[in-house]
Amino acid sequence: MAKRVYLDSSVILAFLKGEAGRGEHVKAALFTASTPGSDLQFVTSVLSLIEITYIENLPGSLEDGFSRIDDFWGTAPIQLIEVNEVAVIRGRAMMRERLRSGQQPELPSARKRAADLVHLSTAIWLKVDEFWTYDSLDFSKYPQQDVTVREPYGEQMLMPGVDL
Amino acid sequence: MMPCDIIGRQWFQVVTSGSPMITKSFTLQLDGMVTLDHFAAAIDAWRSALTDISNEVGREHVLGIYIEELTSGSALVTSNIVFDAEEPAEHFANDFVKVGTRARGENVIDFPKSLQDAANRLRKVAATDPGGITIASDTADILIFATGEQRVEHFDMHARRVSTPSVEAYGALRGKLQSLSSRTGLKVVLYDDTFDKGVRCSLTEEQHETAREHWDKHVVIEGLIRRDRITGRPLSVSQIWNIGRDERDSASQAWLKAFGVLADVEPDVPVEESIRRVRSG
(Lines give C-alpha, C1' and ligand atoms only; values in the text may rest on other atoms or scores of the structure.)
Protein backbone atom coordinates (compact mmCIF):
# COMPACT_ATOMS: atom_id res chain seq x y z
CA MET A 1 0.00 0.00 0.00
CA ALA A 2 1.34 3.44 -0.94
CA LYS A 3 2.82 5.57 1.79
CA ARG A 4 1.87 9.24 1.61
CA VAL A 5 4.22 11.70 3.30
CA TYR A 6 3.72 15.43 3.74
CA LEU A 7 6.81 17.62 3.31
CA ASP A 8 7.03 20.80 5.33
CA SER A 9 8.85 23.56 3.44
CA SER A 10 11.85 23.17 5.76
CA VAL A 11 12.45 19.74 4.22
CA ILE A 12 12.30 21.09 0.68
CA LEU A 13 14.61 23.94 1.67
CA ALA A 14 17.11 21.43 3.08
CA PHE A 15 17.31 19.93 -0.41
CA LEU A 16 17.57 23.27 -2.18
CA LYS A 17 20.26 24.44 0.20
CA GLY A 18 22.02 21.09 0.16
CA GLU A 19 22.23 21.45 3.89
CA ALA A 20 24.88 19.26 5.45
CA GLY A 21 23.50 16.14 7.08
CA ARG A 22 20.01 16.79 5.76
CA GLY A 23 20.00 17.64 2.07
CA GLU A 24 21.33 14.25 1.00
CA HIS A 25 18.68 12.46 3.04
CA VAL A 26 15.93 14.43 1.32
CA LYS A 27 17.50 13.87 -2.08
CA ALA A 28 17.63 10.14 -1.50
CA ALA A 29 14.00 10.05 -0.40
CA LEU A 30 12.89 12.09 -3.42
CA PHE A 31 14.89 9.82 -5.68
CA THR A 32 13.14 6.80 -4.22
CA ALA A 33 9.75 8.42 -4.79
CA SER A 34 10.66 9.25 -8.39
CA THR A 35 11.40 5.63 -9.18
CA PRO A 36 8.67 4.09 -11.36
CA GLY A 37 6.43 1.88 -9.27
CA SER A 38 7.52 3.47 -6.00
CA ASP A 39 4.90 3.29 -3.26
CA LEU A 40 6.26 6.44 -1.63
CA GLN A 41 4.25 9.56 -2.43
CA PHE A 42 5.20 13.09 -1.34
CA VAL A 43 2.75 15.97 -1.04
CA THR A 44 3.03 19.55 0.15
CA SER A 45 0.91 22.67 0.30
CA VAL A 46 1.28 25.45 -2.24
CA LEU A 47 2.23 27.45 0.83
CA SER A 48 5.62 25.70 0.63
CA LEU A 49 6.09 27.11 -2.83
CA ILE A 50 5.32 30.58 -1.48
CA GLU A 51 7.72 30.21 1.43
CA ILE A 52 10.51 28.95 -0.82
CA THR A 53 9.86 31.81 -3.23
CA TYR A 54 10.50 34.25 -0.41
CA ILE A 55 13.80 32.60 0.45
CA GLU A 56 15.02 32.20 -3.15
CA ASN A 57 14.83 35.97 -3.49
CA LEU A 58 17.22 36.62 -0.63
CA PRO A 59 20.86 37.49 -1.41
CA GLY A 60 23.00 34.51 -2.38
CA SER A 61 20.87 32.81 -5.04
CA LEU A 62 22.74 31.46 -8.04
CA GLU A 63 22.42 33.18 -11.38
CA ASP A 64 20.50 30.32 -12.90
CA GLY A 65 18.80 29.55 -9.60
CA PHE A 66 15.28 30.51 -10.61
CA SER A 67 15.19 28.24 -13.66
CA ARG A 68 16.57 25.32 -11.65
CA ILE A 69 13.98 25.90 -8.95
CA ASP A 70 11.28 26.10 -11.63
CA ASP A 71 12.48 22.74 -12.92
CA PHE A 72 12.35 21.41 -9.39
CA TRP A 73 8.71 22.29 -8.90
CA GLY A 74 7.88 21.11 -12.41
CA THR A 75 9.48 17.68 -12.17
CA ALA A 76 10.08 16.70 -8.53
CA PRO A 77 7.92 13.82 -7.26
CA ILE A 78 5.98 16.14 -4.96
CA GLN A 79 2.29 16.77 -5.47
CA LEU A 80 1.19 20.31 -4.69
CA ILE A 81 -2.04 20.69 -2.71
CA GLU A 82 -4.09 23.86 -2.72
CA VAL A 83 -5.18 25.47 0.50
CA ASN A 84 -8.88 24.72 0.82
CA GLU A 85 -11.69 25.44 3.21
CA VAL A 86 -12.30 21.90 4.39
CA ALA A 87 -8.66 21.39 5.34
CA VAL A 88 -8.38 24.74 7.07
CA ILE A 89 -11.49 24.09 9.14
CA ARG A 90 -9.70 21.09 10.60
CA GLY A 91 -6.83 23.34 11.55
CA ARG A 92 -9.24 25.70 13.20
CA ALA A 93 -10.76 22.88 15.24
CA MET A 94 -7.25 21.85 16.25
CA MET A 95 -6.46 25.37 17.40
CA ARG A 96 -9.69 25.64 19.40
CA GLU A 97 -9.04 22.32 21.03
CA ARG A 98 -5.67 23.62 22.11
CA LEU A 99 -7.20 26.78 23.50
CA ARG A 100 -9.76 24.77 25.47
CA SER A 101 -7.08 22.52 26.87
CA GLY A 102 -5.23 25.52 28.29
CA GLN A 103 -2.03 24.86 26.32
CA GLN A 104 -2.04 28.18 24.52
CA PRO A 105 1.00 29.74 26.29
CA GLU A 106 3.29 27.10 24.82
CA LEU A 107 2.44 28.01 21.26
CA PRO A 108 4.82 29.96 19.05
CA SER A 109 3.79 33.46 18.01
CA ALA A 110 0.45 34.05 16.33
CA ARG A 111 2.02 34.67 12.92
CA LYS A 112 3.90 31.40 13.03
CA ARG A 113 0.78 29.50 14.02
CA ALA A 114 -1.12 30.52 10.90
CA ALA A 115 1.40 28.96 8.50
CA ASP A 116 1.99 25.94 10.73
CA LEU A 117 -1.70 25.22 10.79
CA VAL A 118 -2.05 25.39 7.02
CA HIS A 119 0.70 22.79 6.64
CA LEU A 120 -0.48 20.52 9.43
CA SER A 121 -4.19 20.69 8.66
CA THR A 122 -3.55 20.00 4.97
CA ALA A 123 -1.54 16.93 5.98
CA ILE A 124 -4.26 15.69 8.31
CA TRP A 125 -6.95 16.35 5.72
CA LEU A 126 -5.05 14.18 3.24
CA LYS A 127 -4.66 11.46 5.89
CA VAL A 128 -0.93 11.26 5.26
CA ASP A 129 1.06 8.58 7.02
CA GLU A 130 3.81 10.92 8.16
CA PHE A 131 4.56 14.63 8.34
CA TRP A 132 8.22 15.37 7.69
CA THR A 133 9.73 18.57 9.02
CA TYR A 134 12.99 19.87 10.48
CA ASP A 135 10.89 21.91 12.86
CA SER A 136 9.29 19.05 14.75
CA LEU A 137 9.61 20.89 18.04
CA ASP A 138 6.98 23.45 17.08
CA PHE A 139 4.76 21.11 15.09
CA SER A 140 4.64 18.52 17.83
CA LYS A 141 3.00 21.12 20.11
CA TYR A 142 -0.29 20.94 18.27
CA PRO A 143 -2.92 18.60 19.68
CA GLN A 144 -3.43 15.95 17.04
CA GLN A 145 -2.92 12.26 16.93
CA ASP A 146 -3.82 11.65 13.31
CA VAL A 147 -0.34 12.01 11.84
CA THR A 148 3.20 11.22 12.92
CA VAL A 149 5.39 14.33 12.95
CA ARG A 150 9.07 13.52 12.47
CA GLU A 151 12.28 14.47 10.71
CA PRO A 152 13.12 12.78 7.40
CA TYR A 153 14.80 9.51 8.14
CA GLY A 154 16.92 6.95 6.40
CA GLU A 155 14.46 4.18 5.66
CA GLN A 156 14.22 5.37 2.09
CA MET A 157 17.98 5.77 1.63
CA LEU A 158 19.39 4.66 -1.67
CA MET A 159 20.48 1.23 -2.52
CA PRO A 160 24.29 0.75 -2.63
CA GLY A 161 25.82 1.62 -5.99
CA VAL A 162 23.26 4.25 -6.99
CA ASP A 163 25.01 7.53 -7.65
CA LEU A 164 23.14 10.75 -7.20
CA MET B 1 -35.03 11.64 -24.68
CA MET B 2 -35.83 8.20 -23.44
CA PRO B 3 -38.62 8.13 -20.88
CA CYS B 4 -37.94 5.95 -17.86
CA ASP B 5 -41.03 6.98 -15.97
CA ILE B 6 -43.97 8.09 -18.00
CA ILE B 7 -46.97 10.16 -17.09
CA GLY B 8 -47.72 10.44 -20.74
CA ARG B 9 -51.17 11.87 -20.82
CA GLN B 10 -50.32 14.79 -18.58
CA TRP B 11 -47.10 15.37 -20.51
CA PHE B 12 -49.05 15.54 -23.76
CA GLN B 13 -51.69 17.84 -22.31
CA VAL B 14 -49.18 20.30 -20.93
CA VAL B 15 -47.11 20.36 -24.09
CA THR B 16 -50.07 20.97 -26.28
CA SER B 17 -51.62 23.56 -23.99
CA GLY B 18 -48.42 25.60 -24.03
CA SER B 19 -47.99 25.76 -20.26
CA PRO B 20 -44.46 26.51 -19.10
CA MET B 21 -42.28 23.50 -18.37
CA ILE B 22 -39.30 23.42 -16.10
CA THR B 23 -36.53 20.87 -16.58
CA LYS B 24 -33.98 20.07 -13.89
CA SER B 25 -31.07 17.67 -13.97
CA PHE B 26 -30.12 15.20 -11.25
CA THR B 27 -27.09 12.95 -11.36
CA LEU B 28 -25.97 9.73 -9.74
CA GLN B 29 -22.27 8.85 -9.84
CA LEU B 30 -20.61 5.67 -8.64
CA ASP B 31 -16.94 5.22 -7.90
CA GLY B 32 -14.42 2.47 -7.98
CA MET B 33 -14.75 -0.80 -9.83
CA VAL B 34 -18.47 -1.00 -10.56
CA THR B 35 -19.95 -4.44 -10.98
CA LEU B 36 -23.10 -5.02 -12.97
CA ASP B 37 -24.93 -6.07 -9.80
CA HIS B 38 -23.86 -2.93 -8.00
CA PHE B 39 -24.84 -0.74 -10.94
CA ALA B 40 -28.23 -2.42 -11.16
CA ALA B 41 -28.86 -1.95 -7.43
CA ALA B 42 -27.77 1.67 -7.64
CA ILE B 43 -30.04 2.41 -10.60
CA ASP B 44 -32.93 0.74 -8.80
CA ALA B 45 -32.32 2.85 -5.70
CA TRP B 46 -31.95 5.94 -7.86
CA ARG B 47 -35.25 5.32 -9.66
CA SER B 48 -37.02 4.65 -6.37
CA ALA B 49 -35.60 7.79 -4.80
CA LEU B 50 -36.68 10.01 -7.69
CA THR B 51 -40.10 8.38 -7.71
CA ASP B 52 -40.56 8.83 -3.95
CA ILE B 53 -39.57 12.49 -4.18
CA SER B 54 -41.98 12.90 -7.10
CA ASN B 55 -44.76 11.47 -4.96
CA GLU B 56 -43.88 13.84 -2.14
CA VAL B 57 -43.95 16.83 -4.47
CA GLY B 58 -47.12 15.61 -6.18
CA ARG B 59 -47.06 13.31 -9.17
CA GLU B 60 -49.31 15.63 -11.12
CA HIS B 61 -46.49 18.19 -11.26
CA VAL B 62 -43.84 15.76 -12.52
CA LEU B 63 -44.35 15.31 -16.23
CA GLY B 64 -41.56 12.88 -16.90
CA ILE B 65 -38.22 11.53 -15.79
CA TYR B 66 -35.76 10.95 -18.60
CA ILE B 67 -32.26 9.64 -19.00
CA GLU B 68 -30.23 12.60 -20.15
CA GLU B 69 -26.82 11.00 -19.90
CA LEU B 70 -25.41 7.56 -19.24
CA THR B 71 -21.63 7.36 -19.09
CA SER B 72 -20.13 3.96 -18.51
CA GLY B 73 -16.54 5.11 -17.97
CA SER B 74 -17.40 6.96 -14.81
CA ALA B 75 -20.60 5.04 -13.99
CA LEU B 76 -22.64 8.20 -14.16
CA VAL B 77 -26.32 8.67 -14.93
CA THR B 78 -28.04 12.02 -15.30
CA SER B 79 -31.82 12.20 -15.23
CA ASN B 80 -33.77 15.14 -16.55
CA ILE B 81 -37.05 15.73 -14.78
CA VAL B 82 -39.74 17.85 -16.36
CA PHE B 83 -42.11 19.79 -14.11
CA ASP B 84 -45.21 21.76 -14.91
CA ALA B 85 -44.11 24.81 -12.91
CA GLU B 86 -41.23 26.34 -11.03
CA GLU B 87 -42.59 25.78 -7.53
CA PRO B 88 -42.76 21.96 -7.62
CA ALA B 89 -39.39 21.93 -9.37
CA GLU B 90 -37.88 23.84 -6.45
CA HIS B 91 -39.73 21.63 -4.01
CA PHE B 92 -38.26 18.55 -5.68
CA ALA B 93 -34.75 19.98 -5.67
CA ASN B 94 -35.01 20.81 -1.96
CA ASP B 95 -36.30 17.35 -1.11
CA PHE B 96 -33.54 15.83 -3.21
CA VAL B 97 -30.91 17.54 -1.05
CA LYS B 98 -32.76 16.45 2.10
CA VAL B 99 -32.75 12.83 0.97
CA GLY B 100 -29.05 12.97 0.16
CA THR B 101 -28.19 14.66 3.44
CA ARG B 102 -30.26 12.13 5.36
CA ALA B 103 -28.56 9.30 3.47
CA ARG B 104 -25.25 10.65 4.81
CA GLY B 105 -26.58 10.00 8.29
CA GLU B 106 -27.10 13.64 9.17
CA ASN B 107 -30.13 15.11 10.86
CA VAL B 108 -32.47 17.02 8.57
CA ILE B 109 -35.05 19.39 10.00
CA ASP B 110 -38.59 18.66 8.78
CA PHE B 111 -37.50 15.56 6.93
CA PRO B 112 -40.59 14.00 5.30
CA LYS B 113 -41.15 10.47 6.61
CA SER B 114 -42.24 9.39 3.15
CA LEU B 115 -38.66 9.90 1.94
CA GLN B 116 -36.95 7.82 4.59
CA ASP B 117 -36.97 4.72 2.39
CA ALA B 118 -35.33 6.64 -0.43
CA ALA B 119 -32.55 7.79 1.89
CA ASN B 120 -32.09 4.29 3.25
CA ARG B 121 -31.81 2.78 -0.20
CA LEU B 122 -29.15 5.25 -1.31
CA ARG B 123 -27.24 4.73 1.92
CA LYS B 124 -27.35 0.98 1.41
CA VAL B 125 -25.94 1.31 -2.10
CA ALA B 126 -23.19 3.64 -0.85
CA ALA B 127 -22.26 1.22 1.89
CA THR B 128 -21.19 -1.35 -0.68
CA ASP B 129 -18.94 1.08 -2.58
CA PRO B 130 -15.58 1.93 -0.97
CA GLY B 131 -15.61 5.39 -2.51
CA GLY B 132 -19.22 6.10 -1.66
CA ILE B 133 -21.67 7.45 -4.22
CA THR B 134 -22.38 11.00 -5.28
CA ILE B 135 -25.76 12.45 -6.10
CA ALA B 136 -26.02 15.93 -7.53
CA SER B 137 -28.49 18.58 -8.58
CA ASP B 138 -27.78 21.91 -10.23
CA THR B 139 -27.09 23.47 -6.86
CA ALA B 140 -25.70 20.70 -4.65
CA ASP B 141 -23.29 17.80 -4.80
CA ILE B 142 -23.77 15.23 -2.07
CA LEU B 143 -21.23 12.53 -1.33
CA ILE B 144 -22.81 9.63 0.51
CA PHE B 145 -20.09 7.80 2.33
CA ALA B 146 -19.23 4.19 2.38
CA THR B 147 -18.95 2.68 5.80
CA GLY B 148 -15.79 3.76 7.55
CA GLU B 149 -15.83 7.48 6.85
CA GLN B 150 -18.38 8.28 9.54
CA ARG B 151 -15.64 9.07 12.06
CA VAL B 152 -14.52 11.98 9.92
CA GLU B 153 -18.10 13.09 9.57
CA HIS B 154 -18.53 13.26 13.34
CA PHE B 155 -15.42 15.40 13.65
CA ASP B 156 -16.57 18.03 11.22
CA MET B 157 -20.18 18.07 12.26
CA HIS B 158 -18.97 19.78 15.40
CA ALA B 159 -16.34 21.86 13.68
CA ARG B 160 -18.64 23.55 11.22
CA ARG B 161 -22.26 24.33 11.86
CA VAL B 162 -23.62 24.52 8.37
CA SER B 163 -26.30 22.51 6.69
CA THR B 164 -24.95 22.38 3.15
CA PRO B 165 -23.45 19.05 2.09
CA SER B 166 -20.81 20.74 -0.06
CA VAL B 167 -18.67 23.85 -0.07
CA GLU B 168 -17.50 25.92 -3.02
CA ALA B 169 -14.36 27.89 -3.76
CA TYR B 170 -12.50 28.98 -6.87
CA GLY B 171 -9.35 27.02 -7.52
CA ALA B 172 -7.59 24.57 -9.79
CA LEU B 173 -7.61 20.79 -10.04
CA ARG B 174 -4.98 18.59 -11.63
CA GLY B 175 -5.87 15.26 -13.10
CA LYS B 176 -6.57 13.19 -16.16
CA LEU B 177 -9.41 14.07 -18.49
CA GLN B 178 -11.16 10.85 -19.31
CA SER B 179 -14.84 10.91 -20.05
CA LEU B 180 -16.47 13.19 -22.55
CA SER B 181 -20.13 13.60 -23.23
CA SER B 182 -21.70 16.15 -25.50
CA ARG B 183 -25.35 15.40 -25.83
CA THR B 184 -26.44 18.75 -24.45
CA GLY B 185 -23.43 20.83 -23.61
CA LEU B 186 -20.08 19.18 -23.18
CA LYS B 187 -19.41 17.54 -19.87
CA VAL B 188 -16.15 15.93 -18.90
CA VAL B 189 -14.99 13.82 -16.01
CA LEU B 190 -11.59 14.60 -14.52
CA TYR B 191 -9.86 11.97 -12.39
CA ASP B 192 -8.05 14.20 -9.92
CA ASP B 193 -4.50 13.40 -8.88
CA THR B 194 -5.14 13.61 -5.14
CA PHE B 195 -8.19 11.39 -4.67
CA ASP B 196 -8.24 9.55 -8.00
CA LYS B 197 -12.00 9.93 -8.17
CA GLY B 198 -14.17 11.25 -10.96
CA VAL B 199 -14.99 14.97 -10.82
CA ARG B 200 -17.75 16.22 -13.10
CA CYS B 201 -16.92 19.35 -15.07
CA SER B 202 -19.37 21.46 -17.08
CA LEU B 203 -17.93 23.33 -20.02
CA THR B 204 -19.06 26.20 -22.17
CA GLU B 205 -19.45 25.77 -25.90
CA GLU B 206 -16.19 27.61 -26.53
CA GLN B 207 -14.31 25.10 -24.39
CA HIS B 208 -15.49 22.00 -26.26
CA GLU B 209 -12.60 21.84 -28.70
CA THR B 210 -10.01 22.42 -26.00
CA ALA B 211 -11.45 19.57 -23.96
CA ARG B 212 -11.39 17.24 -26.95
CA GLU B 213 -7.76 18.11 -27.61
CA HIS B 214 -6.90 17.28 -24.01
CA TRP B 215 -8.85 14.04 -23.74
CA ASP B 216 -6.88 11.33 -21.93
CA LYS B 217 -4.18 13.88 -21.02
CA HIS B 218 -3.12 15.37 -17.71
CA VAL B 219 -4.67 18.80 -17.37
CA VAL B 220 -5.23 21.63 -14.95
CA ILE B 221 -8.83 22.85 -14.78
CA GLU B 222 -9.55 26.19 -13.14
CA GLY B 223 -13.03 27.12 -12.00
CA LEU B 224 -15.52 26.96 -9.16
CA ILE B 225 -14.76 23.72 -7.33
CA ARG B 226 -17.46 22.14 -5.25
CA ARG B 227 -16.13 19.84 -2.54
CA ASP B 228 -17.76 17.50 -0.11
CA ARG B 229 -18.06 19.35 3.18
CA ILE B 230 -16.76 16.42 5.21
CA THR B 231 -13.94 14.87 3.24
CA GLY B 232 -12.98 17.82 1.06
CA ARG B 233 -13.10 15.56 -1.97
CA PRO B 234 -13.76 17.54 -5.16
CA LEU B 235 -17.09 16.59 -6.71
CA SER B 236 -17.67 19.03 -9.56
CA VAL B 237 -16.25 22.07 -11.29
CA SER B 238 -18.36 24.76 -12.90
CA GLN B 239 -17.73 28.29 -14.19
CA ILE B 240 -14.55 26.94 -15.75
CA TRP B 241 -12.34 29.69 -17.16
CA ASN B 242 -9.30 27.69 -18.16
CA ILE B 243 -8.31 24.19 -19.22
CA GLY B 244 -4.63 23.69 -19.86
CA ARG B 245 -2.16 20.87 -20.20
CA ASP B 246 -0.41 19.93 -16.98
CA GLU B 247 3.17 20.66 -17.90
CA ARG B 248 4.63 18.72 -15.00
CA ASP B 249 6.96 16.04 -16.26
CA SER B 250 7.23 13.31 -13.68
CA ALA B 251 9.62 11.28 -15.86
CA SER B 252 12.23 14.03 -15.85
CA GLN B 253 15.03 14.08 -13.31
CA ALA B 254 15.59 17.82 -13.82
CA TRP B 255 14.67 18.41 -10.18
CA LEU B 256 18.03 16.96 -9.17
CA LYS B 257 19.82 20.00 -10.64
CA ALA B 258 18.23 22.18 -8.00
CA PHE B 259 20.14 20.44 -5.23
CA GLY B 260 22.16 23.05 -3.34
CA VAL B 261 20.95 25.89 -5.55
CA LEU B 262 20.27 28.01 -2.44
CA ALA B 263 23.42 26.97 -0.61
CA ASP B 264 24.64 30.55 -0.35
CA VAL B 265 21.36 31.97 0.89
CA GLU B 266 21.72 32.42 4.65
CA PRO B 267 24.46 29.77 4.61
CA ASP B 268 24.88 29.59 8.35
CA VAL B 269 21.19 29.51 9.20
CA PRO B 270 19.50 26.12 9.69
CA VAL B 271 16.53 25.56 7.38
CA GLU B 272 13.99 25.53 10.18
CA GLU B 273 15.21 28.94 11.27
CA SER B 274 14.99 30.31 7.70
CA ILE B 275 11.43 29.06 7.42
CA ARG B 276 10.58 30.49 10.83
CA ARG B 277 11.80 33.90 9.68
CA VAL B 278 9.55 33.70 6.62
CA ARG B 279 6.58 32.76 8.76
CA SER B 280 7.28 35.50 11.25
CA GLY B 281 7.35 38.13 8.50
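Axes here are lines fitted to C-alpha atoms, for helices over the stretch in contact, and the angles between their N-to-C directions run from 0 to 180 degrees. In this predicted model, helix H3 of chain A (residues 46-56) packs with helix H7 of chain B (residues 271-280) at an angle of about 100 degrees, the axes being 10 Å apart. Because angles of 65 to 115 degrees count as roughly perpendicular, H3(A) and H7(B) are therefore described as roughly perpendicular to each other.

| Helix | Residues in the contact |
|---|---|
| H3(A) | Glu51(A), Tyr54(A), Ile55(A) |
| H7(B) | Ser274(B), Ile275(B), Val278(B) |

By class, the residues of the contact of H3(A) with H7(B) comprise four nonpolar, one polar and one charged.

The contact between the chains as a whole takes 48 residues from chain A and 40 residues from chain B. On the side of chain B that touches chain A, two or more residues each come from helix H5 (150-159), strand E7 (166-181) and H7 of chain B, and H7(B) gives the largest share, eight residues. That side of chain B has 16 nonpolar, 14 charged and ten polar residues.

The largest nonpolar core holds 54 residues, of which Ile53(B), Val99(B), Leu122(B), Ile133(B) and Ile144(B) touch the most other members. This core lies between domain 1 (1-162) and domain 2 (165-248) of chain B, because both give residues to it. Beyond its neighbours within four places in sequence, Ile53(B) is in contact with residues including Phe92(B), Phe96(B), Val99(B) and Leu115(B). Another core, of 42 residues, lies apart from the largest one and has Val5(A), Phe72(A), Ala87(A) and Ile275(B) among its residues.

Conventions: Residues numbered from 1 in each chain as written. Chains lettered and ligands numbered in written order. Predicted model: local features only at pLDDT ≥ 70, side-chain atom pairs only at ≥ 80, totals over all residues. Helix = DSSP H or I, 4+ residues; strand = E, 2+ residues; numbered from the N terminus. Parallel < 35°, antiparallel > 145°, perpendicular 65-115°, else oblique. Contact = placed C-beta atoms within 7 Å. Nonpolar A, V, L, I, M, F, W, Y, C, P; charged D, E, K, R; others polar. Core = buried A, V, L, I, M, F, W, Y, C linked by C-beta atoms within 7 Å. Buried ≥ 20, exposed ≤ 12 C-beta atoms within 10 Å, placed from the backbone. Domains from an automatic or database assignment.
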